[in-house]
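Here are a few friendly notes to read alongside the model. I begin with the charges and then move on to the fold as a whole.

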Amino acid sequence: MLIFLDDDPYRAALAYERMTKDERDHTIWCKTIEEAIQTLWDYRETLTKVMLEHDLNGEDYVNIKREDCGMEIVRFLECLYKNNKNEFFKFRKIKFIIHTWNSVAGIKMSKRLKALQLDVHYIPFGMAGEMNYGRV
């Protein structure tokens, strides 16, 4: 399973076009943090990839302290690491891709996820090499 967190339907459509048929058939598009966290939890046993935007709600360069941005996924995982390592370790098999154009947030998200020893890559959407990030 693959999670694609982004509120932009145009970007979601482009991402789907770049995926294989199998990836499209196993992708869940989340538009909000609440949807993404619930989906992360529900599919933690079968997830292979999580693609994260930071800025949601049609906004750009959102403060990382807000609860309605991609950094909330990082905080969720950090909390899980502290409080339930057995469940957290299920996320170590997942490839995380930060695809936000908000470089300040993207770099911070990436560093914090790497500190949890997760497989994470920061590749702004549409950048060189991004065409291959759809592949597991």
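1. Charge layout. The chain carries 21 positive and 22 negative charges, and their mean positions lie 7 Å apart. Lys and Arg are counted as positive and Asp and Glu as negative, leaving out His and the chain ends; each charge is placed at NZ of Lys, CZ of Arg, CG of Asp or CD of Glu.

2. Where the numbers come from. This is a predicted model, in which local features need pLDDT of at least 70 and side-chain atom pairs count only at pLDDT 80 or more, while totals for chains, interfaces and linings use all residues. Residues are numbered from 1 along each chain as its sequence is written, and side-chain values use heavy atoms, with hydrogens and water left out.

3. Salt bridges overall. Side chains of opposite charge can pair when their charged atoms come close. Taking a salt bridge as a side-chain nitrogen of Lys or Arg within 4 Å of a carboxyl oxygen of Asp or Glu, the count comes to 11. Among the residues involved, R44, E45, E87 and K90 are linked in a network.

4. A buried pair. E53 and R11 form a salt bridge, with 3.0 Å between the closest N and O atoms. E53 sits in the loop between strand 3 (49–52) and helix 4 (71–83), whereas R11 belongs to helix 1 (residues 9–18), so the pair links parts of the chain 42 residues apart. Both residues are buried (under 20% relative accessible area; exposed is over 50%, partly exposed in between; 1.4 Å probe, protein chains only).

5. E23 is in helix 2 (residues 21–25) and K49 in strand 3, 26 residues apart. Relative accessible area is 10% for E23 and 0% for K49, and each is buried.

6. A pair within one helix. E72 and R75 meet in a salt bridge at 2.8 Å, N to O. They are 3 residues apart in helix 4, which means about one helical turn separates them. R75 is partly exposed, at 23% relative accessible area.

7. The fold. The chain has 6 helices and 5 strands, taken as DSSP runs (H or I, at least four residues, for helices; E, at least two, for strands) and numbered from the N terminus. Their order is β-α-α-β-α-β-α-α-β-α-β. Buried residues account for 46% of the 136 in the chain.
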